[in-house]
Amino acid sequence: MTEKATSEAPACGLEETTSESAHVPLTEPSGDTAAPQAPGGEQAPRGQQASDPQESARQPPDPAASAAPAGPAATDPALPREDVPSAPLLLAVEDVSDSSVTVSWEPPERLGRLGLQGYVLELRREGALDWVPVNARPMMVTQQTLRNLAVGDKFFVRVAAVSSAGAGPPAVLERLIHIQETIEAPKIRVPRHLRQTYIRQVGESINLQIPFQGNPKPQALWTHNGHALDSQRVSVRTGDQDSILFIRSAQRSDSGCYELTVQLKGLEAKAAINILVIEKPGPPRSIRLLDVWNCNATLEWTPPQDTGNTELLGYTVQKADKKTGQWFTVLERCHPTSCTVSDLIVGNSYSFRVFSENLCGLSASAAVTKELAHIVKTDIVAKPKSFVERDFSEAPSFTQPLADHTSTPGYSTQLSCSVRASPKPKIIWMKNKMDIQGDPKYRALSEQGVCTLEIRKPSPFDSGVYTCKAINVLGEASVDCRLEVKASATH
């Protein structure tokens, strides 16, 4: 048994053969040597038992050959049947293209006593009588590819196993092989950036390159909104793998749906590309000042007549005061057709203008208000509320009473308390309920309602109960405390 391999046999095309001569497709297997040429131009496989291939070609054809493909020369009856191999098995076509065909087979059941030298592949064109060998010498392969065939060729193939004793019976493929042009259905591959609306500005160029597939070369046809293209404005160049649509200077009339149709033998593919050519919009048609109050002004305008072949993104509102004349933007991409401008300066007069805006930018001009908005300073009139005087009169009351105190003889001490009263009360200090005003030993102070009695260098005689009394027209109040002056111990 032989292992499967691939041997390419380039051929220069199949030509009609006669009994006198035959043109053989050339075979260039790696490592093989060319077989001797037969007088009629045939290549005889090495090891084949026919003594003269041309002589075998002149033999009258077998009657069965006209009905079915004939096999190679029959095995010599003188040779024992065991010396030659049997016919290969499972001869089949693996692949057919527009310029090549690949056939394969399985080794024969019987290889012969002398061993297998290889296989000889032969072909016969439809209507011809002679079988033409493909390989110049037997090859130990079970698959071969014939290349460089012409579209329209029709032929039969057969393969025989060869040993040193000769060629065995061939395996004949009864199916007629027809080389036809391979048809690949057309397909259009639209670039990603063209799968959505393709936007260009007026005056820019449009250059669309659309790749497609198909074999043989398909026919490409462009239409604009279902009609043929204007050749004066649009140029188209179609190659083997793409079609290019070019417009040197785009106009708004070039907007629309461009459809590419690729046709090939009843098959077709279509792709639609939407192109939008735009330009800057016109200004608003009119603008007027509706109202002015405090530091605010209300404006209203009318949409532009020409939007630039696309939708508006909004309006830009600007203001300029009469003193400087400089324009400042106060609103951008305002969608309504009215607005209120605030934070205007009192005493200034303002003009306003409005621009339209789309994808190309702001309109070339703006709508400007004819009248000025005067921000007038309003007169301020004071309206004081009636004042009700509050009566703060209050009878004396102590907010901080006197505290008991212990002092050391010879060291001055102070007694303090706080009182609240209106009108200001009269303060009287007493010791053991006796008025001590005018006594130089004591000094009384009163400031911001805080009453203080200072006792200078007290002695045990100054111990007792001290009272602070506050008196005004609304009443009186008093507090008292105990002062203890401890005598120093004697030894």
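The sulfur of Cys417 lies 3.8 Å from the closest cysteine sulfur, that of Cys468, which is too far for a bond. Cys417 is buried, and its relative accessible area is 3%. This is a predicted model, and the distances and areas in this report are computed from it.

**Cysteines**

A disulfide requires two cysteine sulfur atoms within 2.5 Å. By this rule the count is zero disulfides.

| Cysteine | Closest cysteine sulfur | Distance | Relative accessible area |
|---|---|---|---|
| Cys417 | Cys468 | 3.8 Å | 3% |

**Chain as a whole**

The chain contains one helix and 36 strands. Of its 491 residues, 40% count as buried. The chain exposes about 28,300 Å², of which carbon and sulfur atoms supply 48%. Among contacts with a separation of 6 or more, 65% are between residues 24 or more positions apart.

Strands of a sheet pair through backbone hydrogen bonds, in either a parallel or an antiparallel arrangement. The partner of E11 is strand E18 (residues 267–278); the two run parallel and are joined by four bridges. Within this pairing, Gln201 has Ile278 of E18 as its bridge partner.

**Strand E20 and its partners**

Strand E20 (residues 296–302) is mostly covered, with five of its seven residues buried. It pairs with strand E19 (residues 286–293) in the antiparallel sense over seven bridges. Arg288 stands opposite Glu300 in E20. E19 and E20 form a hairpin with two residues between them, and Asn294 in the turn has a positive phi of about 50°.

E20 also pairs with strand E23 (residues 338–341), in the antiparallel sense and over four bridges. Here the bridge partner of Thr298 is Thr340 in E23.

Conventions: Residues are numbered from 1 along each chain as its sequence is written. This is a predicted model: local features need pLDDT of at least 70, side-chain atom pairs count only at pLDDT 80 or more; totals for chains, interfaces and linings use all residues. Side-chain values use heavy atoms; hydrogens and water are left out. Buried means under 20% relative accessible area, exposed over 50%, partly exposed in between (1.4 Å probe, protein chains only). Contact means heavy atoms within 4.5 Å. Accessible areas come from the Shrake-Rupley method with a 1.4 Å probe; for residues, only the protein chains shown count as cover. Two strands pair if DSSP finds at least two bridges between them.
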